[in-house]
Amino acid sequence: MTSAQPHQFSIRVYYENTDAGGVVYHAEYLCFAERARSELLREIGTDQTAMRLEQGLIFVVGHMDCKFIRPAFLDDELRVETVTRKTGKVSMQFEQKIFRDNELLFTAMVKAGCVDAVSYKPKAMPLLVQQQLQKHS
């Protein structure tokens, strides 16, 4: 178990996120989780655009295990909590949970890696990124 507080990201459910019944479409949970991971990286000082342009590196998701527990609906305010579970030289693993108030709606374990932006071959992520992620684990 981690001693660090989870990174928290809030998001509102809009009409575009729902199906005809007003229920959040399942793929939208992946978008919400992606936004939360991107905001975590931004908050620890990682500029993904600069990393691509200056170092030729990008992050890609390699594996994700998801569990859909309860539905979210139009106009719900959701909270995405993200904890870094593992950080290596090339890859990182995140545990993410999406809540409405204190009700758990969705969980995901996400493994992402750093790759060359042209060849898509694994490359070591910048040391500062590794160190900052380890602080959030």
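Buried means under 20% relative accessible area, exposed means over 50%, and partly exposed lies in between (1.4 Å probe, protein chains only). By that rule Phe 106, at 0% relative accessibility, counts as buried. The model is predicted: local features need pLDDT of at least 70, side-chain atom pairs count only at pLDDT 80 or more, and totals for chains, interfaces and linings use all residues. Residues are numbered from 1 along each chain as its sequence is written, and side-chain values use heavy atoms, with hydrogens and water left out.

**View 1. The largest nonpolar core.**
A nonpolar core is a set of buried Ala, Val, Leu, Ile, Met, Phe, Trp, Tyr and Cys residues joined through side-chain atoms within 4.5 Å. The largest one here has 28 residues. Phe 32, Phe 59, Leu 78, Met 92, Ile 98, Met 125 and Leu 133 touch the most other members. At least two residues each come from strand 1 (7–12), helix 1 (26–43), strand 2 (57–68), strand 3 (77–87), strand 4 (91–100), strand 5 (103–116) and helix 3 (127–135). Strand 5 gives the largest share, 6 residues. Helices (H or I, at least four residues) and strands (E, at least two) are DSSP runs, numbered from the N terminus.

**View 2. Ile 98 and its contacts.**
Contact means heavy atoms within 4.5 Å. Which residues is Ile 98 in contact with, leaving aside its neighbours within four places in sequence? They are Tyr 29, Phe 32, Leu 78, Arg 79, Val 80, Glu 103, Leu 104, Leu 105 and Phe 106.

**View 3. Helix 1 and its end.**
Helix 1 has 18 residues. The expected span of a helix is 1.5 Å times one less than its number of residues. Just after the helix, Gly 45 takes a positive phi of about 95 degrees.

A salt bridge is a side-chain nitrogen of Lys or Arg within 4 Å of a carboxyl oxygen of Asp or Glu. The whole structure has 9 of them. One joins the side chains of Glu 39 and Arg 42 (3.3 Å, N to O). These two are 3 residues apart in helix 1, so about one helical turn separates them. An α-helix has 3.6 residues a turn, so residues three or four places apart point the same way. Glu 39 counts as partly exposed, at 22% relative accessibility. Arg 42 counts as exposed, at 53%.

**View 4. Salt bridges with buried partners.**
The side chains of Asp 76 and Arg 100 meet in a salt bridge of 2.7 Å, N to O. Asp 76 lies in the loop between strand 2 and strand 3, and Arg 100 in strand 4, so the pair ties together parts that are 24 residues apart in sequence. Asp 76 counts as buried, at 15% relative accessibility. Arg 100 counts as buried at 15% too. Glu 81 and Arg 79 form another salt bridge (3.0 Å, N to O). Glu 81 is buried at 15%, and Arg 79 is buried at 18%. Through shared partners, salt bridges join Arg 70, Asp 76, Arg 100 and Glu 103 into one network.

**View 6**
Rings of Phe, Tyr and Trp (its six-membered ring) pair if their centres lie within 6.5 Å; planes under 30 degrees apart count as stacked, over 60 as edge-to-face and the rest as tilted. The structure holds 4 such pairs. Are the rings of Tyr 29 and Phe 106 stacked or edge-to-face? Their centres are 5.2 Å apart and their planes are at 20 degrees, so the pair is stacked. Tyr 29 lies in helix 1 and Phe 106 in strand 5, so the pair ties together parts that are 77 residues apart in sequence. Tyr 29 is buried, with a relative accessible area of 3%. Ring pairs link Tyr 29, Phe 32, Phe 68 and Phe 106 into a cluster.

Gln 96 lies in strand 4 and counts as buried, at 1% relative accessibility. A polar contact is a pair of N or O atoms within 3.5 Å; within protein, one must be able to donate a hydrogen and the other to accept it, and residues adjacent in sequence count only if both atoms are side-chain atoms. The Gln 96 side chain makes one with the side chain of Arg 37 (2.7 Å). Another, of 2.9 Å, joins the side chains of Gln 96 and Thr 82.
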